[in-house]
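User: Please take a close look at one part of this complex for me. I want the place where the two chains meet.

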Amino acid sequence: MEMIKLLKALKNEMLKIFKSKKLYIVLVILFLYQLLMAYGTSQLAKEEIMFGFISGLSFPLFFLSESISSLILLFCIVLISGTISDENNEGTLKLSLIRPITRNEFFTAKIISSFLLILFMLTITFFTALLSGALFLGLEGNFYYSLGQEISKSEGLIKTIFYYIFSLFPLAGFSMIIIFFSNIFKKTALTITSSIGILFLFQIISVILEKSKIFIITNHFDISKYIFQDIDKDFYSSFFIILGYIIIFSTINFVYFNKKDILN
Amino acid sequence: MITLAEIIKATNLHKYFGKKHIIKGIDLNIKKGDIYGFLGPNGAGKTTTIRMLLGLIKKNQGEIFINGYNLDKDFKKAVDKVGAVVETPMFYENYSGYDNLKLMANLYNNVSKNRIYDLVEMVGLTNRINDKIRKYSLGMKQRLGIARALLNKPELVLLDEPTNGLDPQGMKEIRELIIKLANTEKITIFISSHILYEIELLCNRVAIIKNGTKLIEGNVKDLLSENNETVELITEDKGIENILKNYEYIQGIELIKNGYKIEITKGNTSYLLKELVNNNIGIQYMIPKSKSLEKYFLDLTNGDDQIA
């Protein structure tokens, strides 16, 4: 694989991503949701019903831990699902593939750009969560990362940043499944439906087959919690399960993409 | 064996879609400097073949060499000096014309801004290059598609139906552009078109395929200059076939609206004329008819004139 070609393709993929309106719509919706959530939390805190330990500084942590396997995951599906299928459907996939760049280089650029997209979304989400928290919850008080668990504000903020960065890992694992659907389906709507469908399937399997729960990636989405607590054996099992998904699905994706006939 | 003069050499290409055998052992030899026409009825496998030549569709069997490089083993080198417009040119619709060109230029090593602007000027889009693609007409898209195919100063350009959907003026412009490219930039052109007279006007060599098999490949002049020639005899007299049927050089006589269409062995027109005069046939006109590529194509494909 030629690094220069990979970087050129990656630059193009990033340009395509930032040109897409979808990204900005998702970020606006996320911000509105955060504002609503921060406001709701402040009201409940006033009435001392619950969430009294959440300050504006710890709100980003609270927000991500609550939404990583729901809203954030859903928006990952929305943003990544078109990466191959949109281009294949619109007939633009062939444009890059007839240039002096190998399919492996092109596809690697697609995968890296998807990861960078998630990271970008997490970064913006961190700042907008901080802003939402500051607006409705204020920046006073200690940093509680869970009930009764307190650390200094600076340590809390740094750990939250790492929490956000590390959250890329499980999301990257699931994004390989989304890319797989994007690879095989020409319609993005079908990719989105299948990705959401697999989420439900994972839920059902987790309930019906208790023993297989450990092999389901969505049951390991809270792996970032180890930023705030000591690593135990559960961390390693979560880590290797997610890594396994990345390796297996990227292998399938690369093999499939290399053999794919571009008919549009 | 590949000679330096061959810019495309494809041997024994096969492609299956499921159990359907689409391409059945096609060989192609395109020499540097050719304007090569690729013809065939609808569904013959032209677009599939072109996509195989570009690596977009994976062949099941066969070998493709472009500029002497094996497409499978040396893909980057093989396509480095190749440009293509495959079917209706597609673009990133929310980008401007310039951004579309820039996006593809990014994938080459040395495509300067000047090169992009020169191409834009060449295809006559200077005033519209910053407009979004969705504001472009089909003709403008075709021209921009050709500009995009030329970004890397290619030695070979593959054009799949480049005039498809264009009005006569647009077709003429694209045709002139192709001739200009072939003559001034010394680019080898591989072109499929559904308009046979256009291929006849443009190309020096053609291949005709049908049902995934190549029927013939050769120089247009050689294909059209056969042993026989045809004349149309405009006359009011009848029964001429009885007079001419015994002459060896007469290959066929067909009754038409104002007279006869007579096919004769080449070089015997004067004998025919003499014989008609000797038999007191009233000749109003005798018109030599040259064989067109269209006629040749229809003869070869048994009248299957649904070409695309």
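Here is the part I would like you to walk through.

User: What does the contact take from chain B and chain A, and which residues does helix α1 of chain A bury?

Analyst: This is a predicted model. The predictor gives the complex an ipTM of 0.87 and a pTM of 0.86. Chain B has a mean pLDDT of 86, with 94% of its residues at 70 or more.

Start with the interface. The contact takes 31 residues from chain A and 27 residues from chain B. Between them the chains bury about 2800 Å², and 55% of that lies on carbon and sulfur atoms. On the chain B side, B:L56, B:K76 and B:L107 supply 25% of the area buried against chain A, more than any other three residues.

Now the polar side. Four salt bridges are counted between chain B and chain A. In a salt bridge, the side chain of B:K76 meets that of A:E2 at 2.7 Å, N to O. Across the interface, 17 residue pairs are in polar contact. On the side of chain B that touches chain A, β1 (6-17), α2 and α3 each supply at least two residues.

Next, the helix. Helix α1 of chain A covers residues 3-19, 17 residues in total. From first C-alpha to last, α1(A) reaches 24 Å, close to the 24 Å expected at 1.5 Å a residue. Its buried residues are A:K5, A:L6, A:K8, A:A9, A:L10, A:N12, A:E13, A:M14, A:K16 and A:I17. Within chain A, the buried residues of α1(A) pack against α2 (21-46), α5 (82-90), α6 (93-97) and α7 (103-137). In chain B, they pack against α2 (75-79) and α3 (97-105).

Technical notes:
Residues are numbered from 1 along each chain as its sequence is written. Chains are lettered from A and ligands numbered from 1 in the order in which they are written. This is a predicted model: local features need pLDDT of at least 70, side-chain atom pairs count only at pLDDT 80 or more; totals for chains, interfaces and linings use all residues. Side-chain values use heavy atoms; hydrogens and water are left out. pLDDT is the predictor's confidence in each residue, from 0 to 100. Helices (H or I, at least four residues) and strands (E, at least two) are DSSP runs, numbered from the N terminus. The expected span of a helix is 1.5 Å times one less than its number of residues. Buried means under 20% relative accessible area, exposed over 50%, partly exposed in between (1.4 Å probe, protein chains only). Contact means heavy atoms within 4.5 Å. Buried area is the accessible area (1.4 Å probe) that two parts lose on being put together, summed over both. A polar contact is a pair of N or O atoms within 3.5 Å; within protein, one must be able to donate a hydrogen and the other to accept it, and residues adjacent in sequence count only if both atoms are side-chain atoms.
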